[in-house]
Amino acid sequence: MVGVWAMCLWEQMGQPKRVNLVELGPGRGTLMADLLRGASKFKHFTESLHIHMVECSPALQKLQHQSLQCMDDDNTSEGVEKRITSTLAGTPVSWHVALEQVPSGLPTIIIAHEFYDALPIHQFQRASHGWCEKMIDVTEDSLFRFVLSPQPTPAALYLMKRCKWAVPEEIKKLNQIEVCPKAMDLTHTLAKRISADGGGALIIDYGLNGVVSDSLQAIRKHKFVDMLDNPGTADLSAYVDFACIRHSAEEASDDVSVHGPITQSEFLGSLGINFRVEALLQNCTDEQAESLRTGYWRLVGEGEGPFWEGPDEQVPIGMGTRYLAMAIVNKKQGIPVPF
């Protein structure tokens with residue numbers, strides 16, 4: 001479905017002959033592989049693409065290389081970067097450790113799916129003398145604990161900016177606020193790129209359309225655990241502040257427009273996921289049908305899947321309203337689907 005979105009944007013851009021398709025934090029490369037498989041019938045689209053995977057982990061880069069079924073061209077001469085091509089649609093693929101390294105000058109489509117929620121956040125707590133950042137300290141018996149910073153910290157500048165963008169009532173009722181400087185800076189970079197080169201970005205994540213108060217959590221083996229227990233062994237995540245992304249993009253450039261957020265369920269529904277599932281169900285085994293139904297429910301449903309007959313602990317949980325989708329596009333392209 002994200003492939004459908006990217007192709008619609010490409011059409012709105014006037015079907016340019018060359019396009020950078022960038023994915024931020026592509027994980028195992030599943031989304032990009034599915035996107036290319038789905039789009040491979042539309043040769044004009046896939047032939048225009050150069051894929052750029054923004055990934056800093058060498059281990060994940062390797063997995064992505066496998067998922068995209070990449071071939072390395074050994075015929076390149078010394079000193080020239082070797083060409084890597086995904087055999088899924090014959091598209092060239094490059095890897096970079098940061099968005100800034102992706103070559104500019106071409107229209108760009110950026111996908112950030114569950115990327116923002118992994119960026120580090122700063123928590124501030126209201127104290128008698130204003131907002132103090134929560135820091136981590138070491139106790140005498142070498143354990144970690146949370147403390148409040150006695151002095152202003154560098155992240156306080158981002159907190160001031162975030163409060164300025166909110167309505168006073170929204171801030172008044174909170175005793176804690178989370179800000180994500182990295183998200184604000186990344187959005188700035190992203191909006192500047194779209195403003196200069198044309199194109200757009202799709203952001204899909206778990207979050208809120210407003211100030212986030214206290215969402216940081218640690219998860220190990222699908223269970224919530226204490227944040228400071230055995231650091232490095234749990235997955236940390238925090239809600240994405242979509243209102244903050246909007247303000248950051250609008251502040252960066254007058255040439256971009258921000259659309260959404262809408263729920264993932266609305267986003268996928270409007271792009272025609274129901275028709276896609278129906279078509280796939282026409283031609284599959286019972287096992288594949290089961291997997292399609294649970295996958296579909298996880299993406300667009302809400303709560304426990306009503307059709308589930310398997311073991312209780314494996315019941316699919318619908319995240320259709322928990323995840324939100326937002327698009328940032330160059331104004332020249334008009335309103336992106338399905339906003």
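**Close-up views of the predicted model**

**View 1. Ser142, a loop residue with positive phi**. Ser142 counts as exposed, since its relative accessibility is 58%; here exposed means over 50% relative accessible area, buried means under 20%, and partly exposed is whatever falls in between, using a 1.4 Å probe and protein chains only. This is a predicted model, so to speak of local features a pLDDT of at least 70 is needed, side-chain atom pairs count only at pLDDT 80 or more, and totals for chains, interfaces and linings use all residues. Residues are numbered from 1 along each chain as its sequence is written, and side-chain values use heavy atoms, with hydrogens and water left out. Ser142 sits in the loop between E8 and E9; helices (H or I, at least four residues) and strands (E, at least two) are DSSP runs numbered from the N terminus. Its phi is near 60°, which is positive even though the residue is not glycine. For background, most residues other than glycine have a negative phi, and most peptide bonds are trans.

**View 2. His222, another positive phi in a loop**. Look between strand E12 (217–220) and strand E13 (223–225) and you'll find His222 in the loop. Phi of His222 is near 65°, again a positive value in a residue other than glycine. With a relative accessible area of 82%, His222 is exposed.

View 3. Pro261 belongs to strand E16 (residues 256–263). Pro338 falls in the segment after strand E19 (323–330).

**View 4. Trp5 and the largest nonpolar core**. A nonpolar core here is a set of buried Ala, Val, Leu, Ile, Met, Phe, Trp, Tyr and Cys residues joined through side-chain atoms within 4.5 Å. The largest one has 41 residues, and Trp5, Leu68, Ile109 and Phe267 touch the most other members. Leaving out residues up to four places away in sequence, Trp5 is in contact (heavy atoms within 4.5 Å) with Ile109, Ile111, Ala201, Leu202, Phe267, Leu271, Ala327, Pro336, Val337, Pro338 and Phe339. Another core, of 30 residues, lies apart from this one, and Val22, Leu119, Val240 and Phe242 are among its members.

**View 5. The largest cavity**. The cavity search ran on a 1 Å grid over the protein atoms alone: a cavity is a set of points where a 1.4 Å probe fits but cannot get out, and lining residues have an atom within 4 Å of a point. Grid points are joined across faces, edges and corners, and a volume is the space filled by probe spheres set on the points. The count comes to 1 cavity of 30 Å³ or more, and the largest cavity holds about 150 Å³. Its lining has 15 residues, with Cys180, Ala183, Tyr239, Val240 and Asp241 the closest to the centre. Strand E10 (176–179), strand E15 (240–241) and helix H8 (242–252) are the elements that give two or more residues to this lining. By residue type, the lining splits into 12 nonpolar, no polar and 3 charged; Ala, Val, Leu, Ile, Met, Phe, Trp, Tyr, Cys and Pro count as nonpolar, Asp, Glu, Lys and Arg as charged, and the others, Gly among them, as polar.

**View 6. The second largest pocket**. Unlike a cavity, a pocket is an open set with protein on both sides within 12 Å along at least five of seven lines. This one has about 450 Å³ of space. Of its 24 lining residues, Ile121, Ile136, Leu216, Met227 and Leu236 lie nearest the centre. Two or more lining residues each come from strand E7 (122–127), strand E8 (130–138), strand E9 (144–148) and strand E14 (235–237). E8 gives the most, with 3 residues. The lining divides into 14 nonpolar, 6 polar and 4 charged.

View 7. A disulfide is a covalent bond between the sulfur atoms of two cysteines. The cut-off used here is a pair of cysteine sulfur atoms within 2.5 Å, and the structure has 0 disulfides. Cys132 is buried, at 6% relative accessible area, while Cys8 counts as partly exposed at 23% relative accessibility.

**View 8. Asp74 in its loop**. Asp74 is in the loop between strand E3 (70–72) and strand E4 (84–86), and it counts as exposed at 66% relative accessibility. C-alpha to C-alpha, Asp74 and Ile84 are 9.2 Å apart in space and 10 residues apart in sequence.
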